Amino acid sequence: MLKKVPDVFVIVFALIILAAVMTWFVPGGHYARTTVDVEGTQRTIIDQSQPFVFEDAVPQTALLMGALGKTAVAAHQVAINYASLMFMIPLGLSMATTVRVGHAVGRGGLAAARLPGAAGIAMAVAAMAVSALVMFVIPERIVGMYTDEPKVSVLAVELLYLAALFQVS
């Protein structure tokens, strides 16, 4: 079994490099950079889908966990499922904030966009902070909603502590 681990790491590393190449070097690709004119100033923006490059790492992590055994896979599934569920809140807020900021820019420029932008960022940060706090304070109850297997529960609680850290990073 240990012989398969390096193969999995090579595959995951290759996929991460591919995502980076798509993000920065493919002109007009899915993760394209675009130059826009904002109030007379040329600005380069990255397509909104760029942050999803990092979300592509979630299934790759599952491949890595598979090399560690079924208990690790089960615990990882519990932690990543709950963390992903909690991530949907700020993701939705960010999409709504994008629309609000776009409307504000369309109505009156960058100054009008500051309030909805700041409010959206504040709400997303607050949602992630609450999510992380819940993962730190009651991880056993969260894991209990998913499994009653003792070995999986112990490992899943530890993984939820790590997930709480990346919720606020």
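This is a predicted model: local features need pLDDT of at least 70, side-chain atom pairs count only at pLDDT 80 or more; totals for chains, interfaces and linings use all residues.
A few ground rules: local features need pLDDT of at least 70 and side-chain atom pairs count only at pLDDT 80 or more, while totals for chains, interfaces and linings use all residues. Residues are numbered from 1 along each chain as its sequence is written, and side-chain values use heavy atoms, with hydrogens and water left out.

Let's start with the fold. The protein chain has 7 helices and 2 strands, where helices (H or I, at least four residues) and strands (E, at least two) are DSSP runs numbered from the N terminus. Along the sequence they come in the order α-β-β-α-α-α-α-α-α. If you look at contacts (heavy atoms within 4.5 Å) between residues at least 6 apart in sequence, 58% join residues at least 24 apart.

Accessible surface, by the Shrake-Rupley method with a 1.4 Å probe and only the protein chains shown counting as cover for residues, comes to about 11000 Å², and carbon and sulfur atoms account for 70% of that. Of the 169 residues, 30% are buried, meaning under 20% relative accessible area, with exposed over 50% and partly exposed in between (1.4 Å probe, protein chains only).

Leaving aside residues up to four places away in sequence, Ser 131 touches Met 86 and Gln 167.
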